[in-house]
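Please read it alongside the sequence and the coordinates.

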Amino acid sequence: MLRFIVRRLLQLIPTLGGLSILLFVWLQRLPGGPEYALLPDDATDEQRQALRRSLGLDEPLMVQYLSFLRRILQGDLGTSLQTSRPVMDEFFLRFPATFELGVTAMIIAVTIGLPLGYLAARKRGGVLDFAAVGGSLLGICTPVFFLAFILKVVFAEGLGLFPSAFRLSPGLGRTDITGFFVLDGVMTREWDVVWDALAHLILPGLALASIPLAVITRMTRASVLEVMGEDYVRTANAKGLHRTTVRTRHVLRNALLPVVTAMGLLAGSLFAGAVLTESVFAFPGIGSFVYVATQERDYPVLTGFILLIATMYVFINLLVDISYSLLDPRVRAQ
Amino acid sequence: MSSSTPLLAVDELSVAFHRRGAGETRAVDGVSFTLEEGRVTGLVGESGCGKSVTSLALMGLLPDRGVEVGGSAVMRLPEGEVDLLRLSRRRLRDLRGSQLAMIFQDPLSSLNPVVPIGRQVTEILKRHRGMRGSAARKEAADLLYRVGIPDPTRRLNEYPHQLSGGMRQRALIAMAVACKPRLMIADEPTTALDVTIQAQILELLKDLVTEEGTALLMITHDLGVVAGLCDDINVLYAGRAVETAPRRPLFADPTHPYTVGLLGSVPRLDAPRGEPLTPVRGSVNDNIAWTDGCAFAPRCDHYTMECLQGPPPLVRTGDGTHIHRCVNPIDHADVVDQTVLESPAVVGEDEEERE
């Protein structure tokens, strides 16, 4: 198992290396460099050239790439053009908020999606199945920001059930340990903080969960339907096992395998979805920060964000592979 | 025969599938046979003749929706006789695995790929014999050993993909015999295996039947298997038994043209090289409905207009154990001789692949 993990970690090097090249080339091809964003519109060409020189943008591409790579490896993602602070620091500051939101969304998606997909498959063609399939189609089709707006307008501003913005109600004091509000609240037993932070997570969490929820529901349904027709399920029934044993040990255990893979990919994509959700709910995470960065052409932040998403993807995939090998003995053998 | 009433009496079993838009398909159309303790009964026929559906119907493993099962299948149990087709699902679940067991065709897909072999054996011991923990594991190892799996304690922790094909089929047989069932159904248990392993598996099944007095329903298209293993044989065609007889009369004196055709199409080791096989011409697609006459008539070399005058009646010949359903039976078949009967399982090729 250890060898498997080490081998997978080594495979990350070419993946991330290739990514850095793609990212660098992409940045080179972008129209309108930072000299247009940073300097006022009436700046002269000389002034723009001077800025390009000071940012090292006049060096040969190869030299630029190597220094770009060296800085990344040193954990230096550059300085944000908006705040003039290191991008890494800005991300660290906002990461707990986004992570908390992502985990909330994933918990919502899994706890609803798995049982719903399973029941839809069991009652195939029934009302629940129809609702689950239709609902998930709607979930996939609805743009995240639109759903976020609807949720905010209806449940926060209309019904007043949940707060409409930020991570915590203003004026609520809290002790900071990790930056994860819910976790800190539990650790310091500040239960009012825990509840308040959770209430702030519900609506953005739901909005962000819509796509993973839809995908997990559909995949679980399809996978359970497929496994229910497998020969080994017939064998299990022929052995006279209790229905619950057949359903858990023989159907679910196998049906979950492809869903686990999908969950990994979905978890990675949550960061991208967070950009829109967070900006709608003024949620102070990486997403809303990046949203502003796109408007300001804050390239260091955008580059850093893409790298961060890619790294998250790669590591989540590693986790998926490891859990997959625990779930499926056939993968272990290879 | 061990008793006056048979262990299982299947009478006029019929299975029809209803599909929306496609109408009704009668997969099994009035099949009757009996099973006795300690005897092997064969259901023989080509693909689509209804032999697998018959076994699934007896086990209650057909889907709930869109299936209509008729007739009766009365089984003698210690507490009295029950009709397997009329049992509640809960009661049937109690019987399955303990009194009725089934061995399936493809051992790899019939085993759960993500559950260790040992667990797949112990789960049936837990369910029907109330065994737990190390006692169940020990019994599972004993069972694996009995069916010829070497080093069974190590195998308990292995997964299906780590076993060879023959080993997997042995593991499935171990699960089937775990609770000493009175009735075992084997649905083409050797089709997915190579010839030497086939012979070993058949030998194992034969021993289990002799030692435990289990009744075995052997479903196959392989006449070599039938000749080597079965005591009584039912030849199925298009969902009906067209000929039923003990082994010797069936091979020595087949009366139904379809049986004769099947026997004639067996590849022979002593035939000259390059000599073409004699297939049964046509395919099951040419069938007519049994209500219109003999379903086999369009493929039969002996058919007359009488064959198309409604379903042919059952006719008993000899001492009454040889039954056929043909209006133009073949009197004495010189097509086959005793060598087919004497040879062990020599037939490796699928009869039906040449259709």
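## Sheet of chain B

Ala16(B) has Glu68(B) in β4(B) as its bridge partner. Strand β1 (residues 8-19) of chain B and strand β4 (residues 67-77) of chain B pair in the antiparallel sense over 8 bridges; two strands pair if DSSP finds at least two bridges between them. Strands (E, at least two residues) and helices (H or I, at least four) are DSSP runs, numbered from the N terminus. The model is predicted: local features need pLDDT of at least 70 and side-chain atom pairs count only at pLDDT 80 or more, while totals for chains, interfaces and linings use all residues. Residues are numbered from 1 along each chain as its sequence is written, and chains are lettered from A and ligands numbered from 1 in the order in which they are written.

Axes are lines fitted to C-alpha atoms, for helices over the stretch in contact, and angles run from 0 to 180 degrees between N-to-C directions.

## Helix packing in chain A

The axes of helix α7 (residues 144-158) of chain A and α11(A) come within 9 Å and cross at roughly 25 degrees. The pair therefore counts as roughly parallel (angles under 35 degrees). Val144(A), Phe145(A), Ala148(A), Phe149(A) and Lys152(A) in α7(A) meet Gly273(A), Leu276(A), Thr277(A) and Val280(A) in α11(A); residues are in contact if their C-beta atoms, placed from the backbone, lie within 7 Å. By class, this contact has 6 nonpolar, 2 polar and 1 charged residues. Ala, Val, Leu, Ile, Met, Phe, Trp, Tyr, Cys and Pro count as nonpolar, Asp, Glu, Lys and Arg as charged, and the others, Gly among them, as polar.

## Contact between the chains

In chain A, 21 residues are in contact with 25 residues of chain B. Elements giving two or more residues to the chain A side are α10 (231-238), α11 (243-280) and α14 (329-333). The most come from α10(A), with 6 residues. The chain A side has 6 nonpolar, 7 polar and 8 charged residues.

Methods
Contact = placed C-beta atoms within 7 Å. Parallel < 35°, antiparallel > 145°, perpendicular 65-115°, else oblique.
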